[in-house]
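Work through the exercises below with the sequence and the model open. Try each task before reading its solution.

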Amino acid sequence: MDQNSTDSSADTPSRSLKRPLTITVANNKGGAGKSTITRYLSFNVALRGYKTLIIDEDPSANTTKSMIITKARHDDEPYTMGKTMMAGVRDDNLTDLVVPIIPNLYLIPSHIDFASLPVYLSKKYGVAEPGDPDYQGIEGHKVSVIKNLLAPLKSSFDFIFIDTPPTTSSDFTRSAVFASDYVIIAFQTQADSFDGAIQFIDGDLSELVNVFGAETDVLGVLPNQFAPGGAIDDTVLNDARKRFGEQNLFEHILPYKKRVQSAPRIGITREGYWNNDLFKTAIDPLTDDFFHRLNLVGELND
Ligand SMILES: Nc1ncnc2c1ncn2[C@@H]1O[C@H](COP(=O)(O)OP(=O)(O)OP(=O)(O)O)[C@@H](O)[C@H]1O
Ligand SMILES: [Mg+2]
């Protein structure tokens, strides 16, 4: 298909990473743009020459579907779905689940059966609530499940991005965040999404760091404006500046771009006028900002 397109010809990275990085885009509320940001940022980072893996931890598998369609745009090989996340967790091995999507971009696919992760973990490790004497032991096993599974893969990639489902304080989100060196806090510029960002920081993130010793930092807070036709909500944005500090916000608010909504149907590509426009006006500035922030926290070599 598009074998000679710019999509397929990955660059060499201009600046290498000091260490491989795992990143989760997080918010406690659904629909904040987590999957959209994960898909486009991973795709663009791969085009810039960084070897990148997406882990789909969402049983709805929407990112898996979008990336398999993306693969079909760039690759004539027929694809049949093999092992997915739940089988990998049961076998305690994710290494044979990796599917190539485009040069430098890989996927570990999800499937609806991954919804049984919490039951599987509870059967294996037990159940405990905060305050129970065995809470830290049991929960400690559960939150570290993905980090342990990623350990053998980590040095093979520059970036691993994890997409999570819209669940608060779930094994999905907590295990993804615990496995991550950085989280990007995404929120739609509407009040409940902003509250979801705060709840995530004050709730799961601080417990994972303070109680379970997660080595996870916030790379930045990324406002995403996608109220259809709506102007950006200045009040929420100002609240975010006050709450997080201007320096912790990404400089480029992700604008409302109807084009991103077509990813599940046509996959991700830079080809064509509207896709090119989307990348030039939204995804490239976001990617530049992402690397700028990684540089600020000392993750890039000179
Ligand atoms: N900047 C944007 N412009 C236009 N539409 C957007 C934008 N960001 C997200 N959307 C749309 O908003 C919807 C929700 O976005 P997305 O699926 O990325 O959120 P999510 O946080 O992953 O949701 P969930 O928690 O349900 O997994 C999708 O239909 C997506 O296409
Ligand atoms: Mg999602």
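Predicted model: local features only at pLDDT ≥ 70, side-chain atom pairs only at ≥ 80, totals over all residues.

**Exercise 1.** Find how H8 and H9 are oriented to each other, and which residues meet.

Solution. 
- Step 1. Helix H8 covers residues 191–210 and helix H9 covers residues 234–244; the two pack at an angle of about 15°, and their axes are 10 Å apart.
- Step 2. Angles under 35 degrees count as roughly parallel, so H8 is roughly parallel to H9.
- Step 3. The handedness of the H8 and H9 crossing is right-handed.
- Step 4. From H8, the residues in contact are Ala191, Phe194, Ile198, Ile201 and Asp202; from H9 they are Val236, Asp239, Ala240, Arg243 and Phe244.
- Step 5. Sorted by class, the contact of H8 with H9 holds seven nonpolar, no polar and three charged residues.

**Exercise 2.** Decide where the buried residues of H6 lie around its axis.

Solution. 
- Step 1. Helix H6 spans residues 145–154, and its residues Val145, Ile146, Leu149, Leu150 and Leu153 are buried.
- Step 2. Viewed down the axis of H6, the buried residues fall within an arc of 105°, so they line one face of the helix.
- Step 3. The general rule is that an α-helix has 3.6 residues a turn, so residues three or four places apart point the same way.
- Step 4. Asn148 and Pro152 are exposed, on the other side of H6.

**Exercise 3.** Is Asp58 buried or exposed, and which residues does Asp58 touch?

Solution. 
- Step 1. Asp58 sits in the loop between strand E2 (52–56) and helix H2 (62–74).
- Step 2. Buried means under 20% relative accessible area; Asp58 has 9% relative accessibility and therefore counts as buried.
- Step 3. Leaving out residues up to four places away in sequence, Asp58 touches Ser110, Asp163, Thr164, Pro165 and Pro166.
- Step 4. Asp58 and Thr173 are 115 residues apart along the chain, with their C-alpha atoms separated by 9.3 Å.

How values were computed
Residues numbered from 1 in each chain as written. Chains lettered and ligands numbered in written order. Heavy atoms only, no water. Axes fitted to C-alpha atoms, helices over the stretch in contact; angles between N-to-C directions. Helix = DSSP H or I, 4+ residues; strand = E, 2+ residues; numbered from the N terminus. Parallel < 35°, antiparallel > 145°, perpendicular 65-115°, else oblique. Left-handed = near helix turned anticlockwise from the far one by under 90°. Contact = heavy atoms within 4.5 Å. Nonpolar A, V, L, I, M, F, W, Y, C, P; charged D, E, K, R; others polar. Buried < 20%, exposed > 50% of the residue type's maximum accessible area, 1.4 Å probe, protein only. Arc of directions from axis to C-beta.
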